[in-house]
Amino acid sequence: MTILHLRRARTSLVLDARGPGLPRVVHWGGDVGDLDDDGLRQLTDATVPPVVPSSFDEPTVLSVLPEASAGWSGRPGLAGHRDGAGWSTAFRLDGLDVDQSAADEPARVAVRASDPAAGLTVTIEITLDPYGLLTVRHRLRNDGDSAYELRELTPVLPVPAVATELLDLTGRWCRERSPQRHPWQHGAWVREGRHGRTGHDATLLLVAGTTGFGFGHGEVWAVHTAWSGDHVTFAERRPTGESTLGGGELLAPGEVRLGPGESYKTPLLYAVWSDAGLDGLSDVLHTHLRARPGHPRSPRPVTLNVWEAVYFDHDLDRLRALADRAAEIGVERFVLDDGWFRGRRDDTAGLGDWYVDEGVWPDGLQPLIEHVTGQGLQFGLWVEPEMVNPDSDVFRAHPDWVLASPGRLPPAWRHQQVLDLGRPEAYDYVLERLDTLLTDHPGIRYLKWDQNRDLTEAGHHGRPGVHGQTLAVYRLFDELRNRHPGVEIESCSSGGARVDLAILARTDRVWASDCNDALERLSIQRWTGLLLPPELIGTHVGPERSHTTNRVHDLGFRAATALFGHHGIEWDIASISAAEQTELAAWVALHKRLRPLLHAGRVVRVDHPDPAVWAHGVVDHDNTRAVYAVARLTTSVTQVPGAVRLPGLDPGRRYRVRQVSGVPAPASIDLSPPTWLAGGLTLSGAALARVGVQLPALHPEQSLVLEVDAVD
Ligand code: DGJ
């Protein structure tokens, strides 16, 4: 065997596969250059820890599947047993399959190893894509002749001691992806999600970085666990000197019992390194996502979702009027939300009965679909396929089709329960209903796929059911997409409770939050954007008074916030004034003009010293164009906040900076605004990044949008 060096973009992964056991991770991080065999040997030697008193007589080998037999006393990579035996492993290397021939293709290595005494075989699949994104997955096979009970199998990656701080995200309904940050101390920082779905509080990205890292500076390492069921993401720092990041599925007792010959594969652990701060991480992740064959490539249609306009009050004439107004404003997709199916007059009944309600829609959905498409808009429909209300025909006919423990139902949540899609008959029913709906209505080109409750005590035939349910849900998405390849799907889950890269492998965008309050949205979108590029994040202009916070915002602030994503509207636009309609149409036109840049460029977020001032932007890949927004969140202690730096441009080129035209300017307290604002200014990328521009002293909850174009 050998020492492997996987190199892509500016990232290196070095694995010492010379030993008889699993390869040691010598280095994951910045590129270490073009090393020959001797260079790799010396690098490997340089990283072997010394043997110290009161410790093992051999240095610990930290592999991506750490084992006690290799001297690891941290969180085990594998936990499981065979009726009390086989609880610890000493995998021996059987072979390596390496493919890193073409530099513009991912470098791949598959490590094959087995432990005959434990009766287990493992394959560790590692991929480093051309942009520097690493993925790791383990596959475990039970080669024994009895059942092996798996408790946990989690890939980990080592991080050097220079990483001293941790950042991850938490949240709740209407406040998704709230950052939390602290020093990285000894012990394990373990983020567990036991919601049976990704969760409002999911960590999204767990980042370890050098002291004080920010959006534009610092060396950072991060992982994402791509799984939409129960999962764990963790950072562990050992007094013995090792630091690791890892993540995988959380399994309930007895949930995965591998029979002889059966296998289990972990979710993909995504891992990314950058020496350019959080924006550097996002750049690698966004580039990776945009390169996927299935990434949405057509212009993202400006969307009207009628939820906050009509809620459950479906009336054909009113909805037609909304569609007419939407067309006038420049909307390109109309989404009929919850309330169209049998018995669904409010959220207490109907889920599961996926038939158009004959009372509300005597002529079916077709008249509305035809009206919408006749206006040149695409038609989309809300569904919540995994759920059932006990007050529904399907539940009355099949009360056993619910994930539950024997003899009791899980506590109700929004009056609903979860259909057990691990039961073939329940799965087939839902698939048939959705398939028929799409087949009968070829005008439906978009599904807003919602999922509004946690999976609680989710039993399947008396055993834990979240693992099987998660796989069944993926199958359902895949099968429907297969049958209806032209239909796009949005991942919604009580707002943003299902945002992860496994669901995004089968959907076209996420709904970031049910909160359309622009002030809250600035934060929700900023942090969702850590993982996802703007075109995958639904961002809508809500009503003047937010339905979820009661805050009131100018249209300009709402629209400037919603500009930087997959733009849309969630507002009763049939009842807005003529002036509001004109202004909204101007913002929609601005979004469409900027859309090619917003949905393909590099995202930058500004590390501004005044916490009341947030700035972010998107720069195109050849550094010829950019758009930035500067938002004032609150008043500042400082009367005039400092100049705002505009990073990310080519330092050697000169740029024209001006306030976007066609939309009203935000309100400020200035008696005389900065002189340059009237006519714009021209500065080098270096000056814009290092000096910045002095902006008006905006009132709180106002945003200024700047357009930047190279002049040479
Ligand atoms: C929760 C979603 O997040 C909302 O946007 C809306 O679709 C409702 N469900 C409908 O019940």
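User: Which element gives the largest share of the lining of the largest pocket?
Analyst: Two terms are needed here. Helices (H or I, at least four residues) and strands (E, at least two) are DSSP runs, numbered from the N terminus. On a 1 Å grid over the protein atoms alone, a pocket is an open set of points with protein on both sides within 12 Å along at least five of seven lines, whereas a cavity is a set of points where a 1.4 Å probe fits but cannot get out; lining residues have an atom within 4 Å of a point. In this structure helix 8 provides the largest share of the lining of the largest pocket, namely five residues. The model is predicted: local features need pLDDT of at least 70 and side-chain atom pairs count only at pLDDT 80 or more, while totals for chains, interfaces and linings use all residues. Residues are numbered from 1 along each chain as its sequence is written, and side-chain values use heavy atoms, with hydrogens and water left out.

User: How many residues line the largest pocket, and which lie nearest its centre?
Analyst: The lining of the largest pocket comprises 40 residues, and R137, K265, P267, L268 and Y270 are those nearest its centre. Among the elements that give two or more residues to this lining are strand 7 (120-128), strand 8 (134-142), strand 20 (268-274) and helix 2 (277-291). The space in this pocket is about 810 Å³, where grid points are joined across faces, edges and corners and a volume is the space filled by probe spheres set on the points. For classes, Ala, Val, Leu, Ile, Met, Phe, Trp, Tyr, Cys and Pro count as nonpolar, Asp, Glu, Lys and Arg as charged, and the others, Gly among them, as polar. The lining of the largest pocket then divides into 21 nonpolar, six polar and 13 charged residues.

User: What space lies in the second largest pocket?
Analyst: The second largest pocket holds about 690 Å³ of space. It is lined by 29 residues, with T47, P49, L62, G241 and E242 closest to its centre. Strand 3 (residues 24-30) gives the most to this lining, with five residues. By class, the lining of the second largest pocket has 17 nonpolar, nine polar and three charged residues.

User: How many cavities of 30 Å³ or more does the structure hold?
Analyst: Rolling a probe the size of a water molecule over the atoms shows where empty space is left. The structure holds seven cavities of 30 Å³ or more, and the largest cavity has a volume of about 200 Å³. Its lining consists of 16 residues, of which Q525, R526, F564, V603 and H616 lie nearest the centre. Helix 9 (518-528), strand 31 (537-541), strand 33 (602-605) and strand 34 (613-619) are the elements that give two or more residues to that lining. Eight residues of the lining of the largest cavity are nonpolar, six are polar and two are charged.

User: Is S274 buried or exposed?
Analyst: S274 belongs to strand 20, and with a relative accessibility of 4% it counts as buried. The side chain of S274 reaches the backbone nitrogen of A276 at 2.8 Å.

User: Which residues come nearest the ligand?
Analyst: A residue is near a molecule if one of its heavy atoms lies within 4 Å of it. Among the 13 residues around the ligand, D337, D338, K448, D450 and D514 come nearest. This shell has six charged, four nonpolar and three polar residues. An N or O atom in the side chain of D514 is 2.4 Å from an oxygen atom of the ligand, and such an atom in W382 is 3.1 Å from a ligand oxygen. The protein covers 98% of the 290 Å² of accessible area that the ligand has on its own, by the Shrake-Rupley method with a 1.4 Å probe.

User: Where does H461 lie?
Analyst: H461 is in the loop between strand 27 (459-460) and strand 28 (463-464). Its phi is near 50°, a positive value in a residue other than glycine. H461 is exposed, with a relative accessible area of 55%.

Notes. A polar contact is a pair of N or O atoms within 3.5 Å; within protein, one must be able to donate a hydrogen and the other to accept it, and residues adjacent in sequence count only if both atoms are side-chain atoms. Buried means under 20% relative accessible area, exposed over 50%, partly exposed in between (1.4 Å probe, protein chains only).
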